Amino acid sequence: MSRRLDVDVAIIGGGLVGSSAALALRGMGMSVALLDKGFCGAQASGVNYGGVRRQGRPLEQLPLSQRAHAIWPRLQALIGIDGEFLRSGHLKLARDEADMAALEAYAEVVAGQGLGLELIGHNGLRERFGWVGGDVVGASFCAGDGHANPRLVSTGFASAARRAGVHVLENTPVKGVTRNGAGFALEAGDDLSLSARFVINSAGAWADSFAAAFGESVPLARIYPSMVVTEPLEAIMTANIGMEGGGIYARQVERGNCVVGGERALPLDDPDFSRPRGEGALAIMNRAAELFPGLRHAHAIRFWSGTEGAIPDHNPVIGLSLTTPGLIHAFGFTGAGFQIAPGVGEVLAELVRDGRSTTPIDAFTIGRFAPVPISTRTDRGSGAGEASEPQHPRETRS
Amino acid sequence: MTAPAQPLIVGAGPAGVRAAETLVKAGLRPLVVDEAPASGGQIYRQRLVADERSSTALYGSEASKAETLHRDFAALAGRLDYWPQALLWNLRDGKADVAVAGTSRKIAYDGLILATGATDRILPMPGWTLPGVFTLGGAQIALKAQGCAIGSRVVFLGSGPLLYLVAWQYLKAGVDVAAVLDTAPFNAKFNLLRGLTLEPAVILRGMRMTAELRLRGVALHYGVEDVRVEGDRRVEAIMWRQGSRSRTLSCDGIGYGLALRSETQLADLAGCRFRFDQRDRAWLPESDAGGRGSVPGVYLAGDGAAIAGADAAELAGERAGLALLEDRGLAHAPERAVAIERALSRIGRFRNVLESAFPFPAHWAKDIADETPVCRCEEISAGEVRRAVGNFEISELNRLKAVSRIGMGRCQGRICGSVAAEILAGETGRGIDAVGRLRSQAPVKPIPLALTMAATGGAEAAE
Ligand SMILES: Cc1cc2nc3c(=O)[nH]c(=O)nc-3n(C[C@H](O)[C@H](O)[C@H](O)COP(=O)(O)OP(=O)(O)OC[C@H]3O[C@@H](n4cnc5c(N)ncnc54)[C@H](O)[C@@H]3O)c2cc1C
Ligand SMILES: Cc1cc2nc3c(=O)[nH]c(=O)nc-3n(C[C@H](O)[C@H](O)[C@H](O)COP(=O)(O)OP(=O)(O)OC[C@H]3O[C@@H](n4cnc5c(N)ncnc54)[C@H](O)[C@@H]3O)c2cc1C
């Protein structure tokens, strides 16, 4: 027996992007189906490091990031839980003078965006963040940034969407989408036929196939950041830590566990799943033990990884399809989508309702991948999607 | 990497030792790793420091089997590589990460025999986290390895043959055993009569132990329900209900266990397919009669493959060794293999008998009081787990882990995982086999952050 469902908006992918869009759209009174091939929030959105960070993002992401920044402290009202969001500040460390110069240059570029960055020298660092050891010459501090529990936040948005009346359909992979008169016809799961006026493609690392189906090709690769967590420890780290140039990022959750990342994992036979490499995880652990004297005698209790869609220029695709009216894309967050996702959800809802966003998103147009002569293409990326990693991979997330 | 790839055996218990012996006899040189300081595994665990106790005092009726196993393993010295106190913490892409002597070594292997054994299975009850409550296995280890008892007046509680065995061992060691509380009704024990034709010696030994316990004045209670441990800062008493009667007994130590559960994380990390086993109420790695897992070159033997006891573990270890030899095109004693399989299937039938005589009280899970802690690593109560199931409309175990943290702590769900599954099944009104299985992650046990990677791998590097 086949089931039928008729909605205003069908959303492919119940990660944080899809479920926050679903919630926002319900708030506007629209009927919404949120479809996920597995469980909502079980992919990147639910397994990421949990960094809620604006610092370090490229200038063009900051308006969107600021919009999301305003949402994070309101989670309790919005989804019924605070998601363990902690405004701890984000401290980005410099290993040497060149790193410090890069932090200074960044602070200059983003001045006036509302980040309130504070540059801290070696002595200030020792005084205020004495638990940071290792060879660190200085840092840049963003007091308004922090961290949260991705497992709760992502599941929480999907649950809130369900309570608000969204049709949340889990274990229901979308198998085909076609343009059908004024809207779309979707085939999903074993027996579900859906019709929708709008389709949001928020299928994360799997989104490129849906874009390609409508003639839009995106150089989407997959990355698998490695995560390590320690046993619960006494309170040591007071801020979310990042490193200029990458290599390590770390935070301590309220329960006491320290979460540390900084290497890349490898996919399993089923490339939708991945697991850290032993030597990669050990490298992160050793770096953490060196950088944080308080962790020197700690034990790691678990590793994990997740599947993230990455685009060479480090920016996501967000916006209207250029080939198909009613189709909207939002994917390819390249290791940094957790913080901005709640803002992206609101923007997507505006795109459905108004056809445009009140927050600038032009830089994220899918049109930027239109075939152009190689020589004229600008590339600010450092190759997050590439398989081989430098010694200290330049990570954009933390 | 200069080391030639050796077969790798994880576990030097009955299964691992017999697997190693089989390979050595065929001219192979396996590497055996075990995190314990000496061979023997759980049942034939050796004492840490030599003392005046005889092996009969240590292993009781199983003393000669223990001595034989230890001696046979010692005789293999020089023809295999053996790393005690070596934790295999990760498997990936046909290589193993082993922490030994403060560093981690990457081991390439050609054939992997997982003989990882089992640990106690429990269900939480009020007061189970009070100091003085031990698992049955833990109570036995204290006695065997350290020569000390868990209390001066001890109660044993639970289900399974180990319940009576450990109680009897304590009695023999001169400890005051206040009572044995069996969660199964007395009439379940009549099922044991069906076992007489299969394993008469085992049944008679069990009967002798029970008789001796009774004779020496140990109270045996059956059909025990609603158990709670009382005490301020440590165990002071145990309370339970039998039919309509409530009872209390003062004690300062409790040994508790509801049979065993297989250690399967390495099989999971190796990529083996799992199936749900009704008898063990657990997901177990699939294997054929020779112990071959679903991944070529990975073999499973002993209690880590399915709970079957020590004799079966020895046989299964040998059988897995033969399977490895056969798969390599070496001489592999097919008649012996058939005989072993026949013996194992008889033990399997005997296991069915034991299961009906010592059933797992699965219905307890549904009644665990909300305030009872179910995950001691992460300090999560039954009520918190139930609320997480309700609030997030959870239907699958890994999702439950994600939103409640159950199974995320030091034990990685080895202790609380089956409890979480029982509660989830109860809350969602579905079978325990329909709520999924916790995915394993490395490291299978905690490892130090400062653990460094050794420059070279291979067995010779450790010598
Ligand atoms: C290990 C790790 C660490 C990270 N750390 C951080 C961090 O600290 N800070 C930060 O800001 N960002 C971080 N990120 C990035 C961040 O998690 C992602 O950018 C963000 O979660 C992306 O959200 P999403 O909704 O686009 O993707 P996802 O959460 O992956 O959601 C996509 C969903 O689409 C579903 N789907 C796919 N195909 C189909 C189909 N055919 N039908 C139906 N559904 C389908 C998938 O099942 C999935 O649930 C990290 C990512 C990883 C993996
Ligand atoms: C605490 C305890 C006490 C028991 N006492 C009895 C008893 O008295 N009588 C009885 O009949 N049965 C007893 N049993 C059941 C008993 O386990 C089996 O009958 C028998 O020991 C199974 O043998 P095995 O070789 O399969 O596993 P085991 O004997 O358990 O041996 C497994 C070995 O693998 C090692 N190992 C596991 N994982 C790793 C890893 N990742 N890295 C390195 N090494 C690893 C362990 O250290 C262990 O030595 C007991 C079980 C337990 C848990």
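## A buried glycine in chain A

A:Gly262 is buried, with a relative accessible area of 0%; buried means under 20%, exposed over 50%, and partly exposed in between (1.4 Å probe, protein chains only). This glycine sits in strand β16 of chain A, residues 258–264. Strands are DSSP runs of E of at least two residues and helices are runs of H or I of at least four, numbered from the N terminus. Between A:Gly262 and A:Ala281 the C-alpha to C-alpha distance is 8.6 Å, with 19 residues separating them in sequence.

## Basis of the model

This is a predicted model, in which local features need pLDDT of at least 70 and side-chain atom pairs count only at pLDDT 80 or more, while totals for chains, interfaces and linings use all residues. Residues are numbered from 1 along each chain as its sequence is written, chains are lettered from A and ligands numbered from 1 in the order in which they are written, and side-chain values use heavy atoms, with hydrogens and water left out.

## Chain A as a whole

Chain A contains 10 helices and 22 strands. Its radius of gyration is 21 Å, close to the 21 Å that the globule rule gives for 398 residues, so chain A is as compact as a globular protein of that length. The radius is taken over C-alpha atoms, and the rule is 2.2 Å times the number of residues to the power 0.38. Along the principal axes, the C-alpha atoms fill a box of roughly 65 × 45 × 40 Å.

Of the 398 residues in chain A, 60% count as buried. Taking contacts (heavy atoms within 4.5 Å) between residues at least 6 apart in sequence, 74% join residues at least 24 apart. The accessible surface of chain A is about 15,000 Å², and 53% of that belongs to carbon and sulfur atoms; the areas come from the Shrake-Rupley method with a 1.4 Å probe, and for residues only the protein chains shown count as cover.

## B:Arg92 against chain A

B:Arg92 belongs to strand β4 of chain B, residues 86–92. At 9% relative accessibility, B:Arg92 counts as buried. Leaving aside neighbours within four places in sequence, B:Arg92 is in contact with A:Leu266, A:Pro267, A:Leu268, A:Arg275, A:Pro276 and A:Arg277.

Two backbone oxygens of chain A lie by polar atoms of this arginine side chain: that of A:Leu266 at 3.2 Å and that of A:Pro267 at 3.2 Å.

## Backbone geometry in loops

A:Thr334 has a positive phi, near 55°, in a residue other than glycine. It lies in the loop between β22 (327–331) and α10 (337–354) of chain A, and is buried at 1% relative accessible area. In chain B, B:Glu379 also has a positive phi, about 55°, although it is not a glycine. B:Glu379 lies in the loop between β20 (373–375) and β21 (380–381), and counts as exposed at 57% relative accessibility.

The peptide bond from B:Ala442 to B:Pro443 is cis, with omega near -10°. B:Pro443 is in the loop between α13 (417–428) and β22 (447–448) of chain B.

## A buried glutamate in chain B

B:Glu355 is part of helix α9 of chain B, residues 334–357. With a relative accessible area of 16%, B:Glu355 is buried. Its contacts, leaving aside neighbours within four places in sequence, are with B:Arg279 and B:Phe360.

Methods: Polar contact = N/O pair within 3.5 Å; in protein donor to acceptor, adjacent residues only side chain to side chain.
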